[in-house]
Amino acid sequence: MILMIFFTLLTIIISFWLIPRLLSRTSIGQFLQTRWRVIEEAFHAHQFYKVPKFNNHMQENQLFHKIVMYLNSLPSAEDLDYVNLFSGCNNNPNEITLVINNDQMFPDVFLGSRVYWKLDKDCFVLKIRRKEKRRILSTYLQHVCKVADEIDQKKNEVRLYINAENDPEKNGRWISTPFKHPATIDTAMIDSDLKNKVKSDLELFLKSKSYYHRLGRVWKRSYLLYGPSGTGKSSFIAGMAKFLCYDVYDVDMSRITSDSDLKLLLLQTTSKSLIVIEDLDRYLVEQAKSKAVSLSGILNFMDGIICCCGEERVMVFTVSNKDHVDPLALRPGRIDFHIHFPLCDFSSFKNLANSHLGIKEHKLFPQVEEIFQAGASLSPAEIGEIMISNRGSPTRALKTVINALQTNGGKTGTGHRPGHDQGLGSGLPRAPRNLSHSGSIDGLVDLPSKLTHSGSTRTVDDSSDHSGVFCMDNFHTGKELKNLYGLLKNRSRRREGSMDFDGEGKV
Ligand SMILES: Nc1ncnc2c1ncn2[C@@H]1O[C@H](COP(=O)(O)OP(=O)(O)OP(=O)(O)O)[C@@H](O)[C@H]1O
Ligand SMILES: [Mg+2]
């Protein structure tokens with residue numbers, strides 16, 4: 001009798017405690033659970049809803065994007081049999097993103113009902129029990145969008161889109177990556193009143209949807225940024241995108257094959273975006289030769305007639321010299337706001353010295369001012385690079401800037417003062433190689449201290465700093481000549497490897 005009770009108790013424990021536990025913790029349990037659900041679902045009629053990635057105009061379907069974000073946020077994403085893992089977003093390489101595999105069923109529960117998502121190439125398929133669709137479909141989709149929006153807001157992420165080669169196999173042409181540029185509108189080296197005007201203009205634009213609609217105009221605003229190379233145009237665009245919190249679509253015109261290709265590409269952009277065409281002047285010249293895209297194709301794009309009506313877009317074009325752009329392209333309405341990016345003057349030089357070297361005043365400032373007043377100048381990029389390379393010694397940095405202004409500031413393509421732009425492509429190719437490298441080289445080489453500025457009678461009297469600025473006439477002693485020989489040898493050695501220099505003056 002006791003034995004029977006014992007065996008009965010043992011059977012009860014095994015069947016109601018041990019077996020369920022074993023099943024729930026092993027793959028057999030999961031397997032049985034999945035099979036059971038399949039059998040259970042087989043007794044229900046289902047409705048299927050497709051969410052394609054692109055609409056008929058090849059524009060990205062925002063709902064698709066939201067579903068990706070929503071599903072990735074669900075803890076059950078980790079329980080799937082197969083899931084793709086991605087990492088390496090530029091701004092956060094440690095972040096791992098889960099993306100469901102094609103053909104993988106992704107179950108979700110909403111208001112007590114089970115729904116299933118499946119990714120089928122570029123299309124999500126939602127499976128809902130037919131009898132429950134009226135009760136949950138719209139509220140479920142609203143819930144998905146709300147969760148995705150909340151994630152988006154938390155991330156506050158601006159993305160950079162770049163147009164890829166035209167590949168008929170692929171649906172979308174834009175490849176995107178998180179856009180984390182440190183520049184803001186405030187860090188630009190242009191007049192602060194102008195910066196405030198740009199900010200007010202952008203703010204007004206954001207609030208003007210109904211105003212534009214009332215006028216029957218496309219809700220867009222176009223900006224032309226013009227000035228020599230290295231004056232901060234691209235950095236300013238990054239600042240504008242950050243200010244607006246808009247995604248950036250950087251159109252690489254060399255990859256556009258025809259007017260219709262350009263149209264298609266633009267149709268694939270979304271609202272709340274900043275569409276950028278850099279070096280428009282250079283492209284217009286090339287376009288005249290290649291005929292890939294006609295002038296009217298570009299003008300149509302600038303007019304915004306091929307963008308979806310009513311959706312907010314800001315367009316930004318950069319040119320090195322607007323005098324070389326067809327006036328048709330720049331007429332009011334096509335370009336709403338012109339922003340000039342000049343080379344450095346003394347005042348912007350002082351700002352750079354303050355931000356890069358932490359100095360507001362210096363005994364060499366009067367000399368620098370004199371040189372600027374004589375008409376020499378360089379771009380903020382060139383002066384900034386010298387300062388970064390020599391940031392350990394402000395005096396050395398200023399001496400190197402003086403030398404660069406004297407040797408390149410009045411001669412090079414970028415070295416003329418504002419209003420004297422060098423014409424089409426003046427800034428291209430970029431900063432003169434010898435100058436940018438000299439900043440780095442001088443930052444590394446120990447030079448004789450008793451040197452004078454070339455072209456100047458003023459003696460550099462700072463014995464603690466060593467400048468790369470020197471003049472042959474001033475080398476009198478054998479020791480100095482020896483130093484010079486050592487310097488030239490050192491320089492030529494460094495120059496051989498100059499392609500590997502980075503902005504920090506390190507190899
Ligand atoms: N306000 C600034 N302060 C300091 N450095 C700056 C500033 N603006 C630009 N620079 C420096 O100049 C470099 C070039 O700037 P940017 O690319 O924005 O110039 P650009 O006008 O677009 O030149 P390009 O016409 O050659 O494309 C930046 O990487 C940055 O180092
Ligand atoms: Mg640029």
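1. Domain 2 (176-340) and domain 3 (346-500) each contribute at least three residues. Keep in mind that this is a predicted model.

2. How many residues surround ligand 1? The count is 17. S229, G232, S234, S235 and A381 are the closest. Two helices each supply at least two residues of this shell: α7 (233-244) and α14 (380-389).

3. Sorted by class, the shell around ligand 1 holds nine polar residues, six nonpolar residues and two charged residues.

4. Now the sheets. Strands of a sheet pair through backbone hydrogen bonds, and the pairing is either parallel or antiparallel. One open sheet here has four strands, in the order β1-β6-β5-β4, and its pairing is antiparallel. Which strands stand at the edges? They are β1 (46-52) and β4 (105-110). Each has a single partner strand, so one side of each is left without a neighbour in the sheet. On average, neighbouring strands of this sheet are turned by 25° against each other, direction ignored.

5. β4 and strand β5 (residues 113-120) run antiparallel and are joined by six bridges. For M105, the bridge partner in β5 is K118. Helix α3 (residues 62-73) packs on this sheet. Helix α3 touches β1, β4, β5 and β6 (123-129). The direction of α3 makes about 110° with that of β1.

6. A second open sheet has seven strands, in the order β8-β7-β10-β11-β12-β9-β13. Its pairing is mixed. β8 and β13 (337-340) are the edge strands, and each pairs on one side only. Neighbouring strands of this sheet are turned by 20° against each other on average, direction ignored.

7. Strand β7 shows both senses of pairing. With strand β8 (residues 174-178), strand β7 (residues 159-163) pairs in the antiparallel sense over five bridges. With strand β10 (residues 247-250), β7 pairs in the parallel sense over three bridges.

8. Which residue stands opposite Y161 in β8? That residue is S176. In β10, Y249 stands opposite Y161. For I162, the bridge partner in β8 is I175. In a regular strand the side chains alternate between the two faces of the sheet.

How values were computed: Residues numbered from 1 in each chain as written. Chains lettered and ligands numbered in written order. Predicted model: local features only at pLDDT ≥ 70, side-chain atom pairs only at ≥ 80, totals over all residues. Near = placed C-beta within 6 Å. Nonpolar A, V, L, I, M, F, W, Y, C, P; charged D, E, K, R; others polar. Domains from an automatic or database assignment. Pairing = 2+ DSSP bridges. Axes fitted to C-alpha atoms, helices over the stretch in contact; angles between N-to-C directions. Contact = placed C-beta atoms within 7 Å.
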